[in-house]
Amino acid sequence: MTGRVELLAALRNGCSAGRPWDVAVVGGGATGLGCAVDAASRGYSTVLVEAHDFAKGTSSRATKLVHGGVRYLAQGNLSLVREALSERAVLLANAPHLVRPLRFVVPTYHWHQIPMLGAGLGFYDLLAGRHSLGRSRVLGRAATCEALPGVRRDGLRGGIAYWDAQFDDAGLAIALARTVEDLGALPLNYMVVEGLAKSSGRICGVEARDVETGERHAIPARCVINATGVWADGLRRMDLPGSRALIRPSQGVHLVVDADFLPGSDALLVPDTADGRVLFVIPWLGKLVIGTTDTPRDELPLEPRPLQAEIDFILDTAARYLARAPRREDVRSTFAGLRPLVGGDGSDTADLSREHLVEVSESGLVTITGGKWTTYRRMAIDAVDAAARAGNLPIRASASRRQRLHGAGRDDARSRLARAQAVPDEAGIRLAVESEYARSVEDVLARRYRTLFLDAARACAEAPRVARTMADVLGRDSAWVRAQVTEFEALAAGYRVVGDAPAGRQAADP
Ligand SMILES: Cc1cc2nc3c(=O)[nH]c(=O)nc-3n(C[C@H](O)[C@H](O)[C@H](O)COP(=O)(O)OP(=O)(O)OC[C@H]3O[C@@H](n4cnc5c(N)ncnc54)[C@H](O)[C@@H]3O)c2cc1C
């Protein structure tokens, strides 16, 4: 691991050597990091620049499932489901320290649901084929109560159990960034792209600015990949002002509550929400994550905020399935993310495809968007194939299928996930700064550890200690510590839901 000083020196050396990088990737979420790993594993010289922190955007705000997607099965999108199930197997093999199988139980309150759901999930097994993590099974009432000790029991007929997988999204992003570096490429956070360089109408690099120092870098590259998620239209318009929007952002919200609302190790899937989707109640890092929603949004804030109606919807839906329903004051944290969905101009984003799209502009800008975390590697293959053609690079096949991610083999899933769930100690904070690119208190408490996502009040309490230790490692003064704490407290306020609902909500009939 090289620190930021060395990474910046390598960038300056590369820029002044007069030889362009083969590939410049803009955006350090799942998609961009996947592209950088793929390009570097093919032997292309690669640089990746991210405006904020790795996974600061959508990629730290997922439901944390590595899944085929039972909802997409219900929509009849079999090729997406099959591809995602195959990618699930690749991720389990290449990142066993960050991904783990997880059993889901769908509780049923109507007899007719059992054969219907049983058949659907049996088909899910079939699509998984040799990648199946375990057969789905019909459970009786007693077995369902045993699997989901917090489930609402009156009227419960039974359930269906099936297997998928779960991960720590921000943790996987950092492992990808470390893998990029292991492969000899340059991953740089806090480096924003503000312009594209062109020669004879063809893109030949990016103009970037170091967010910490203001230093500008002209980064020459034979091809540029735009992997900026919901912000992709911004970069497309740097290439071609006035281009038609490609992205339809859709907000998804999650609430985090204590695990005792659904003790046990299985997740609960609500198969039919009032808006015709599914809702998950998932054990994650010692808490429960409940979500999500699908709300079309026009604006693109870096910190999207849940709407009141989204919070109510999640609480109301959970109340129909849990014996003890979480109330607003039980919410430890709430986080929202924006899906970079492609196309469509109707009002309903829930029906938009989760498939990805690669667009190559006339000047050679390769935009990759859509898709999901689970399929980031497939997306990267398609984007780098297109970039190699656009940049006239020697054609080489992707080697990412067998690319173990940084840390695999040294750490099992339990210990890595346990670390993400813990409150950072001094050694952990040092490691985050020295080996995991953390630059701010938020980087440590939101993404190297998941404290902010698990318990916003707890994260605030930890902020001064984290700031002091970081200042020690980074050589910052007390003014920096104060500013960091103030900034973090303001951010964390947006992750809290103030409790004002009457106590003792009763479970309603599902
Ligand atoms: C609520 C929700 C739940 C989800 N759950 C799941 C799930 O359980 N499983 C699953 O597989 N998928 C899930 N997804 C989908 C998945 O999270 C996204 O598809 C994925 O994270 C998108 O990654 P991305 O890299 O394209 O975008 P982002 O993660 O947003 O990354 C784009 C990056 O580009 C950077 N950027 C923007 N402009 C510039 C610039 N000018 N210069 C430099 N950098 C720039 C941004 O800072 C950002 O970090 C979920 C999505 C949402 C919203």
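**Close-up 1. Y190, in the loop between β7 and β8.** Y190 sits in the loop that runs between β7 (186-188) and β8. This is a predicted model, so treat every view here as a prediction. The backbone at Y190 is worth a look: phi is near 55°, a positive value in a residue other than glycine. Is Y190 buried or exposed? Y190 has 22 C-beta neighbours inside 10 Å, and because the cut-off for buried is 20 or more, Y190 counts as buried.

**Close-up 2. A55, another non-glycine with positive phi.** Go to the loop between β2 (46-49) and β3 (65-66) and you'll find A55. Phi here is positive, about 65°, although A55 is not a glycine. A55 counts as buried too, because 28 C-beta neighbours lie inside 10 Å.

**Close-up 3. The cis peptide bond at G291 to T292.** The bond to look for joins G291 to T292: it is cis, with omega near 20°. As for where that leaves T292, this residue lies in the loop between β14 (287-291) and β15 (295-296).

**Close-up 4. The shell around the ligand.** How many residues surround the ligand? There are 38, and the closest are G27, G29, G57, G229 and G252. The elements giving two or more residues to this shell are α2 (30-41), β8 (191-199) and β16 (333-342). β16 gives the most, with 4 residues. By residue type, the shell splits into 15 nonpolar, 17 polar and 6 charged. Both domains take part: domain 1 (4-58 + 170-245 + 351-402) and domain 2 (70-167 + 248-342) each supply at least three residues to the shell.

**Close-up 5. Helix α16 and its two sides.** Helix α16 covers residues 478-493, which makes 16 residues. At 1.5 Å a residue the helix should span 22 Å, and its end C-alpha atoms are 23 Å apart, so the two agree. Which residues of α16 are buried? They are V481, Q484, F488, L491 and A492.

**Close-up 6. What covers the buried residues of α16.** Among the elements that cover the buried residues of α16 are α13 (441-448), α14 (451-454) and α15 (456-474). Look for V481 and F488, for instance, which are among the buried residues of this helix.

Conventions:
Residues numbered from 1 in each chain as written. Predicted model: local features only at pLDDT ≥ 70, side-chain atom pairs only at ≥ 80, totals over all residues. Near = placed C-beta within 6 Å. Nonpolar A, V, L, I, M, F, W, Y, C, P; charged D, E, K, R; others polar. Domains from an automatic or database assignment. Buried ≥ 20, exposed ≤ 12 C-beta atoms within 10 Å, placed from the backbone. Expected span 1.5 Å × (residues − 1). Contact = placed C-beta atoms within 7 Å.
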